[in-house]
Amino acid sequence: MNVMTAVRAASDTTTVEHFDVLIVGAGISGIGSAYQLIKQLPDRSFVILESQDSFGGTWLTHRYPGIRSDSDLHTFGYSFKPWIGPPIATADEIKSYMGDVIAENGLAGHIRYRHRIERASWSSETNLWTIEAVRTDSQEPVTFTANFLWMCQGYYRHSEGYTPDWKDVDKFKGRIVHPQLWPGDIELKDKAVLVIGSGATAATLIPSIADTCAHVTMLQRSPTYFRIGRNAIELAETLRQLQVKEEWVHEIVRRKILFEQDAFTKRCLAEPEQVKKELIGQISAILGPDYDVATHFTPTYRPWRQRIAFVPDADLFEGIKSGKASVVTDEIDRFTEKGVLLKSGRELAADIIVTATGFNLCMLGDIALDIDGKPLDFADTVTYRGMMFTGVPNMAWVFGYFRASWTLRTDLVADFVCRLLTHMKTKGVQKVVPTLRPEDHNMPLLSWIDPDNFNPGYMMRNMHLLPKRGDKPDWQHSQDYWTEKDEFPKIDLDDAAFVYG
Ligand SMILES: Cc1cc2nc3c(=O)[nH]c(=O)nc-3n(C[C@H](O)[C@H](O)[C@H](O)COP(=O)(O)OP(=O)(O)OC[C@H]3O[C@@H](n4cnc5c(N)ncnc54)[C@H](O)[C@@H]3O)c2cc1C
């Protein structure tokens, strides 16, 4: 490995450390990318800068009761590290798994916690990124330079969640909590809790607090799809009974899950009405014929246009069936002293209101980027396969899948980046800039994602901030793991879309 060089900045006394690669974020993407870098290119120096006190990202930030994954850990976990627990995992289990990866691969010494990156500037003179961070404990500024910037900062702002602008919120006398900033001191016992929202967070939180509080109500504007199943994978259990080693169990179960997910995704497009019937049928079977499934659990959109939350062991629906939890489908007119007044005229009283209303999209970790002094407006760029951007040198970005586990893409992008870095070294070049080819110049530029294909609220609210998509596979994030896993390894690094210098 290169020896880290510390040089004195010419203009002042700040120490500037240099690394070949700088990874932003120690979430599941940053740790997975670092693992691949250390394994595939052990001669490169690198550092991971993380603004929080520890690793985990999403699984560290979210501390609400019941926090768990909604995809299975065989595919959300890394390809290289067998997952041996139940498929749906708690945040603590995921952090422990990541901790093992860090310890087993000597990654700890490469991570700088409490380093919030505020600015990254590219210089074409030096072919380097200069990264300015602030130590969150001492407020001390720290500066790094790097040849390559690997953006693993996730897609939402960790410091605050999204809360719609409701009328009269300040009139409410009880406590309002966003699940992203769950307070350690909140007492739920015997309290009436109103959870606004019906996505994965609400579906996780509600069953885990239903036994403690007096009653929990899920208030949704419109219904969402859920999938119900056992939190176990029969094939994994069978293979373990046969004493098949865990590496094999992991690989075989991954393949089975990916095969089934592919089939499910195709069915959602080919026969949406049938899939809809099956998903809703699972819920009706639990809640019984008298439950108003048509109002509360029948979405108007086709399955998979938004992420489908998996409900292990039907715990959300068991909570509703037992009467400890209930669902109201209506719109909020305004907040009142006691709770919320709905457009229907009904008032829902609560001691605590939980706003499970989602995220603030934040594509670049609130880092101000500039290229040779010109501020980078991400919306002016066109994405190269959802991982690089036109006009932005030496930068890769990990943005995972919606319909498959996020981490599957972390691995694919990592293999690509390691291949690209090797190619640059072989060519003896310092810089690579994705660039539209002559044949791409008249290509229609579209929104980052096709809203007809996938349209969750947090994406729709912020589409104008996102890079553009072209109408060719090279210039899109296809959201299709099954195609990309075959296409990415074959990307021709000498294609005219890569301009080296
Ligand atoms: C509650 C919840 C459950 C989810 N469940 C699943 C699931 O089951 N399956 C799935 O596929 N996806 C799931 N997702 C999506 C999930 O966010 C991703 O799958 C995944 O965890 C993202 O990992 P990441 O490392 O890319 O980003 P993150 O987990 O967001 O981590 C990014 C890290 O970068 C750091 N960072 C950001 N900006 C800066 C900066 N300027 N300076 C320094 N550090 C910075 C952050 O502090 C953070 O630690 C879930 C999301 C949430 C919120």
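This report covers the cores, strands, helices and ring pairs of the structure above.

The model is predicted: local features need pLDDT of at least 70, side-chain atom pairs count only at pLDDT 80 or more, and totals for chains, interfaces and linings use all residues. Residues are numbered from 1 along each chain as its sequence is written, and side-chain values use heavy atoms, with hydrogens and water left out.

## Cores

A nonpolar core here is a set of buried Ala, Val, Leu, Ile, Met, Phe, Trp, Tyr and Cys residues joined through side-chain atoms within 4.5 Å. Buried means under 20% relative accessible area, exposed over 50%, and partly exposed in between, with a 1.4 Å probe and protein chains only.

The largest such core holds 137 residues. Trp 150 and Phe 317 have the most contacts inside it. Helix H11 (residues 406-427) gives the largest share of this core, 11 residues. Helices (H or I, at least four residues) and strands (E, at least two) are DSSP runs, numbered from the N terminus. Another core lies apart from the largest one.

Which residues does Phe 317 touch, leaving aside its neighbours within four places in sequence? Phe 317 is in contact with Phe 226, Ile 228, Ile 283, Ile 286, Leu 287, Phe 297 and Val 311. Contact means heavy atoms within 4.5 Å.

Thr 407 lies in helix H11. Its relative accessibility is 1%, so Thr 407 counts as buried. Beyond its neighbours within four places in sequence, Thr 407 is in contact with Ile 28, Thr 75, Phe 76, Gly 77 and Tyr 78.

## An enclosed helix and strand

Helix H5 (residues 200-209) has seven of its 10 residues buried, so it is largely enclosed by the rest of the structure. The buried ones are Ala 202, Ala 203, Thr 204, Leu 205, Ile 206, Pro 207 and Ile 209. Their cover includes E9, E10, strand E11 (226-229), helix H10 (315-322), strand E13 (325-329) and strand E17 (352-355).

Strand E10 (residues 215-220) is also largely enclosed by the rest of the structure, because five of its six residues are buried. Strand E9 (residues 192-196) runs parallel to E10, joined by five bridges. Val 195 stands opposite Met 218 in E10.

## Strand pairing

Two strands pair if DSSP finds at least two bridges between them. Strands of a sheet pair through backbone hydrogen bonds, either parallel or antiparallel.

Strand E15 (residues 339-342) is joined to E16 by three bridges. Gly 339 has Ala 349 in E16 as its bridge partner.

Strand E18 (residues 368-371) takes part in two pairings. Four bridges join E18 to strand E5 (residues 115-123), and the two run parallel. Here Ala 120 has Leu 369 in E18 as its bridge partner. E18 also pairs with strand E19 (residues 374-375), in the antiparallel sense and over two bridges. Asp 370 stands opposite Pro 375 in E19. E18 and E19 form a hairpin with two residues between them. In the turn, Asp 372 has a positive phi of about 50 degrees.

## Rings

Rings of Phe, Tyr and Trp (its six-membered ring) pair if their centres lie within 6.5 Å; planes under 30 degrees apart count as stacked, over 60 as edge-to-face and the rest as tilted. The count comes to 33 aromatic pairs. Two of them are tabulated.

| Pair | Centre to centre | Angle between planes | Class |
|---|---|---|---|
| Trp 122 and Trp 129 | 5.6 Å | 65 degrees | edge-to-face |
| Phe 172 and Phe 335 | 6.4 Å | 80 degrees | edge-to-face |

Phe 172 lies in the loop between strand E7 (141-151) and strand E8 (175-177), and Phe 335 in strand E14, so this pair ties together parts that are 163 residues apart in sequence. Phe 172 and Phe 335 are both buried. Trp 122 and Trp 129 are buried too.

Ring pairs also build a cluster whose members include Tyr 155, Tyr 156, Phe 359, Trp 406 and Trp 448.

Charges sit over rings as well: NZ of Lys or CZ of Arg must be within 6 Å of the ring centre and within 35 degrees of the ring normal. The charged end of Arg 227 is over the ring of Phe 264, 3.9 Å from its centre. The charged end of Arg 461 is over the ring of Tyr 162, 3.5 Å from its centre.
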